[in-house]
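Please look over the structure shown below before reading on. The briefing that follows takes it topic by topic.

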Amino acid sequence: MNPIKFASIASIFAFACIVGCSSDDSESSPTNAGDGPKQTSVDVVSGCEEITNEKDKAEVQAAKKEIVEVFSTFGKGDLTKAQALSAETKETFRTILTKYPGNCEAQLGFVASIISDISNNKDINSILDTIYKRKGMPKSSILSGNVEDVGSISLNFSLNSTEEMRGIPVKKIQSAIASVIPSLDSAITYMTNIANDDQFSCTYDINDRTVELDRGEFAPALAALFVAKAGLTSIVSLNFDIDDDGNYDWIDSLEDFGYTFDYENNYGIKHLAKLVGKDSKFTSVQDSWKSEYKNIPNLLDSAITYVQFGIQYGLEEAKTGITTQQNDLYIVGNDEFSDLSTKDAQKIIDSLDIIREKLKTGFDIPYAEGKKIKVNFSKFFENTDGTLKFLPYHVLNDNSKWDTPDGGFYWSDEVEYQAYAQRYMQRYIMQEYHKFNPESQPEVGSWEDGSYNGTIWLDAYDPNAEVEITYEVEGCKVNFTIESYLEGYNFSYLEEEDIVTTTWTIPSITLPEGMCKTEGGKTQYATAYIENEVPNILYFTDKDGNKTYSLQDIVNGVDDDGDRRSYTLDELSKIIIFPDITFGGVLPDMTVEMFWNEFLPAIIDDDDDYSSPIASEENWMDDDWDY
Amino acid sequence: MTTGTIKYVIGLVSITAFSVAYGSVSSKSTAQCGGLFLLDTETAEVSGTRCHVTDSVSVGKYTAFGSFGHYRFGGTWNDGWELSIKSNGLIGSAGIRVGFKYIDFSVDANSLYSMTSGMRIHKADSSAYMGSFIGMGHPTLASIRWDSDDDNSEISHIAADWETDFFRKGVIIGAQFGKQYVNAKIESIITTPYSANREYFVKDSSHLAIADIHYSFDGTDNDIRLHYTNVIANLNIIGNTYRDSSTKRFMFVPLDANLHLAELSWERLHYALHASALRANVQMEKKDERFFETFAPNRLLAPSIIQALSFTFLQQVYRVGADIDIFAFAAGAKINPRLSFAGHTIVPSIDIQGYYTYDEMDVEKTSETTRLIAFDSRKESWHWQLESFGTIISLGLSWEKSFAGSSHTISLDWNASQIVPLDFDFSKEYSDGESERNSDKSLKTRSGTGLFRNGFASSLAIRYSF
């Protein structure tokens, strides 16, 4: 089976349900995702009841024609027409069901109406309308029925979302989606009754062709409903609140961060720290949805069962030839005038048995040449506390401490190339330039260091400028002088004649205490052994909360007879400690030894420094020279 | 050029096998190669070559003959994928003919797994004869390969051989009145589908009827030749998958073709006038029945859960109808002065023909998508029209050496042709059923574009007789 393709088919159905379910009914009234799932109660008489009244029979037949039209219109993307037709048809089936609650034909029609009723979910439509309007796209384009279109829409959501998603919190979207789940439950209830009756079939006239739907189609359709419910439940259950009360500006501000490296004040960094912080609920399951979320494996199990059920029905029909299958969507048989052979049908049933079993016990997934690891997907749904709890034991420092070096450095009498003061000065210059010219995108091109002075070349783009700045250190104070300021359209061709007079000045600064200290009249500067770029973001601890090493410790390696080398994976395994290396049983066979000795080396690129125990300063700089 | 191509394709089975039996000259060896190249390398390419060596020996009533040849025909079409059709192989053929006073028998077999036997009854002086022949065989007509540009697509590669079982039968009748010769042949070829045990294969169920009439007048200084051929073909080409003892159909192409070809030539010793005309119509009927769709990709998918679900949730079929009309006329003159010295004969030739062709092709494609009871149908149509006139210039050189005091001769023939269009009017129209018919006549003023720009043919033959 191709899981990606399977998922795409399932998502079509899921998508159809998202846009197609009604909200004016008792079973589909809006539900707040945070309030938890709404229970559905539908009375279904088991088995299929015949309609005795001729007039009612005629009404059902007429409504069936309309439902075909609704689906076809829906497929073509004519939202407005489908909307009108669907509302009308749904009413007809509802009336028939009142008189004949056990009539499967009416139940089926009602299910079809629920799925195709795209008009009434105001919450979803209002969100979609807003987003499409902002995108400048007609709203019907999402309903074109083209699988690739659906894919491109979701991709666009994630790629260009900040402006289009403005004012739409993730919670609001989840609530809107949650409101269709009761409708889906009703559809599942009716459809289960229909699929369980092996005598019931229903014919539709489609484009001069009569199509007969029977268990061979009802059961896979029911399976799709289960998959749709599983998908929607996982979407609405998890805490994906990446927005800040509907505000997505923090994503944009991360772009600014690239020009300023302002750890303390950048909105994006602050918000990210909040998302992964100690008390964050991000990626955890909302309390009210926990039982529904844990039930997802059962929904998938039911889906598998009903796909098997449908194919098995085809196999049974095949025993008597193709007579009873003439109008089916697919014919099971062994000759050329059939779609699926009996052997293949049986193989599919058997492979679904294996998948069902593997969903419970785990799939063996290859991760490197000749190596496999067991992944138990069902365990995903047993964990409702989010994924952050599986991160190694660590403490995230308050961002006010990020400029205070913690391990992996020495105190030097001079401001060396790898002094933390170098990065601090450069960030400061970029921030100052960004204040002077907010439109421009500054970056440090290069710098030269002397003992207490040096030069920094600042390049700025759009508008383009190249600035030569010298610095002079007096104790912990740094003074700056702008030596030249060039402006021009083409950065590559800036020359001496492009020198202009600038009003920009750079005030002096004082280096933070952690980077610079003066004792007994002697000033010293914190200098990284290998790499001064990584801020003091976090440190790792053991399970009791005792500090092992800081991140800066780790990136600056360990002393090896006067040389610095990277930590070996074996050494790291004692520093970085995972609370549960099986990640909640998702990787049931994973052990600490296996993770560090087999799994990680296999997935790390061969060129990585971990393959070499000795890491020189040049090696680190080659890899990370992307200020 | 078009004429040659069609003749070549149709003649692969029949003419190659049959001409040796009835048209070869005794006590003579021939080695001949020819090629046809129609190139438009961006989107399409058609080319074909053929080489064969024949030899025959007569002893008394018996004539034994054999031939060995190689043929290659290829065509490719690119459109986000590449479809290529290739037919090539070595054909060895051998046979024997026995001629009695009033009756001849012949039988020959070739490596295409076909065998033909014939009987000819004639007057003692052979001035009138009639005969019949039957044959059967199992050739591989072509290898078809489809490659997607996207290696990650669900199906990125299909390779299928087209094999067939054929049975042919026919009658010939001929007579000679003084210097006039006439002969006629009627032939019927019927193929029955052959199901191969390969994952993908192509088979056909076809009927071809061929009528062929020749008249010639061999005067002292004048030769006149008339030739007319009519081919009526009904082909049903079927694409299948075969997996785990089960055959499924994913393609059905029904073609009805009617081809008329007439040729006339008047030859003098050093020059000749000739004319030929071709009219062909090919129709592909769009069938609405289930399992008779032109292309049904769901049935092409490998058996899997995704395939089983696709029948319910995303079933797509394509139905295509087409109507192709081809008319071509060419007439011209050939000059071939004969230069002889010291047993050598050299005949350079130049042949200039004017041609006119008017061709039309209409294609209508319906794409149908069924998702449970949701049905969507999209119709697209294309219309191509080509009108062109111009010249076909052929250069040839023939050299023959006779050996004094012996009946041995050796000869060499070379010929090359190039199409030079003077006017080329190509237009195409597209309609998707919703928008206005979209015409593109941008090629109208461009002369010599596409296939014709590179139309080129050449042949070389060596003969030795004793």
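A contact is counted where heavy atoms lie within 4.5 Å. Among the contacts in chain A that link residues at least 6 apart in sequence, 67% join residues at least 24 apart. This is a predicted model, in which local features need pLDDT of at least 70, side-chain atom pairs count only at pLDDT 80 or more, and totals for chains, interfaces and linings use all residues. Residues are numbered from 1 along each chain as its sequence is written, chains are lettered from A and ligands numbered from 1 in the order in which they are written, and side-chain values use heavy atoms, with hydrogens and water left out.

**Chain A overall**
- Chain A has 20 helices and 17 strands, taken as DSSP runs numbered from the N terminus (helices H or I, at least four residues; strands E, at least two).
- Of its 627 residues, 50% count as buried, meaning under 20% relative accessible area with a 1.4 Å probe, protein chains only.

**A sheet in chain A**
- Five strands of chain A form an open, antiparallel sheet in the order S7-S8-S9-S10-S11, where pairing requires at least two DSSP bridges between two strands.
- The edges are S7 (441-449) and S11 (509-510) of chain A, each pairing on one side only.
- Helix H16 (residues 420-436) of chain A packs on this sheet and touches S7, S8, S9, S10 and S11 of chain A.

**Hairpins in chain B**
- Strands S11 (residues 200-218) and S12 (residues 223-243) of chain B pair antiparallel over 19 bridges, and a hairpin through four residues joins S11(B) to S12(B).
- S12(B) is also joined to S13 (residues 246-267) of chain B by 21 bridges, and B:Asp244, in the turn of that hairpin, has a positive phi of about 50°.

Definitions and conventions. Axes fitted to C-alpha atoms, helices over the stretch in contact; angles between N-to-C directions.
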